[in-house]
Amino acid sequence: MGAAEKLHVDDATLSREAQAIITGNDRGGYTVPTAGLYPYQWNWDSAIVAMGFAAFDLDRAWAEIETLVAHQWPDGMIPHIVFHKEAPTYFPGPNVWDTGRPVPTSGHSQPPVAAFCAEELLARDNGALGQARAARVFDALMRWHRWWHDYRDPGALGIVAITHPWESGRDNSPDWDEALKAVDGSNVAPYERRDLKHVDAKMRPTKEEYDRYIALVEFGRSLGWNARDIGQRNPFFVADPGTTFILLAADRALLRMAKFLNKIDDVPVIEEWIARAETGVNRLWDASQETFAALDLRTSKHGGGVSNAAMLCFFAGVGSNDQRAAMIGHFRRIRAKTGFGVASHDPDQPNFDSIRYWRGPVWAFMNMMIGRGLNEQGYEAEGHQVWEDTRALLSGYGFAEYFDCNDGSPAGGGAFSWTAATWLQYAA
Ligand code: 9YW
């Protein structure tokens, strides 16, 4: 693919456009990632979008997170999709998941970014009303984090597993390639993909991957979506560096909120989660590749390679001096090889693909977390570079779902909510 035409938009125009995108994708109390391709409420998109709303409408920002947590399951899970209104443009819809919820939802979760998004809202709105809203959201998030620690880390290893590539939010990342082989996709009920009606097939997961994704949904459904049974029996149970680092960063945010909101009984519980994760993350260290990487908990084998999720180690505030030095080395090597950082997969690996979703492209909202982590941990030159790359992508190519890491071409869906929210959050 050749480089798309560059736009060169100034900051004020970008902010206006970003605001128009998220208000345009607002469906009343929740925001869709983009019209058509993703017509429902997605969990981590929604929390990031709340940060975007916070730049101009705090009340609407709180409402986004409140709507999300309102669909929490009795076991504490907050699902990855809430199907508010049936829409024909997305597969798999509510009937395929068949979770039996009053408002239908999917049957697994998505990376728990909501706590640090809520903390940000509280920082901007910490009067009596803001505190009351934060306290209610806090209680839901506390139950959700407990769900992650109980059901997705049943061995108390300090790392959390995902039960479906969609649960990681990084659908077709090479991190899952090896572990997915244990999932038989050959017998799934016939289905029609709807994503390919919106987006070029070369930017999307393959048919083999989709067959396995659907097989995992069918398996979860056969267990009645019981989280404990899924943890024991799911053929796919892989510790994810992305979810583990995000949960740790989110636990730290939850701890600060607990102290501020005087939720003193919760403080020691969260402290224990954090302490366990701080040592547990060493299990994700793949010494042969010198990177944090996915760990298949069924086979104890590492999979994938240097991903943008692994780069979230800084955001989580973990890593020995040697581990950090190795990750910074990867950061510099990969940035030197691509036009824009942070690539979602290592360009020195044969399964890298600069345009195919989570196998190479750059995601602006991931950059937001990576850049923040680098700055917080004292790697300011790298943090600055991440921001400059993000700015160049958004001002040059618009608010796309993601971008080719080599030439910056916008890819996937357009007018994308969390890309717009990322800009508003940076610019504010
Ligand atoms: C899908 C909405 C979602 C994101 C995920 C992303 C993609 C859905 O879109 O998954 O059907 O492929 O991978 O992280 O939440 O933006």
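**Close-up views of a predicted model**

**View 1. A residue pair across two strands of the sheet.** Asp-296 stands opposite Lys-301, which belongs to strand E8. The model shown in this and the following views is a predicted one. Strand E7, made of residues 294-296, is joined to E8 by three bridges, and these two strands run antiparallel.

View 2. Four strands form an open sheet in the order E3-E4-E7-E8, and their pairing is antiparallel. Strand E3 (161-162) and strand E8 (301-303) each have a single partner strand and stand at the edges, so one side of each is left without a neighbour in the sheet.

**View 3. The packing of helices H15 and H16.** Helix H15, which covers residues 364-376, packs against helix H16, which covers residues 380-397, at an angle of about 160°, and their axes are 7 Å apart. Because angles over 145 degrees count as roughly antiparallel, H15 and H16 are described as roughly antiparallel to each other. The crossing in which H15 passes H16 is left-handed. On the side of H15, the contact is made by Ala-364, Asn-367, Ile-370, Gly-371, Leu-374 and Asn-375, while H16 contributes Glu-380, Glu-382, Gly-383, Val-386, Trp-387, Thr-390, Leu-393 and Leu-394.

**View 4. The surroundings of the ligand.** Around the ligand stand Pro-33, Tyr-38, Trp-42, Trp-44, Asp-45, Gly-169 and Asp-171. Four residues of this shell around the ligand are nonpolar, one is polar and two are charged.

Definitions and conventions
Residues numbered from 1 in each chain as written. Predicted model: local features only at pLDDT ≥ 70, side-chain atom pairs only at ≥ 80, totals over all residues. Axes fitted to C-alpha atoms, helices over the stretch in contact; angles between N-to-C directions. Parallel < 35°, antiparallel > 145°, perpendicular 65-115°, else oblique. Left-handed = near helix turned anticlockwise from the far one by under 90°. Contact = placed C-beta atoms within 7 Å. Near = placed C-beta within 6 Å. Nonpolar A, V, L, I, M, F, W, Y, C, P; charged D, E, K, R; others polar. Pairing = 2+ DSSP bridges.
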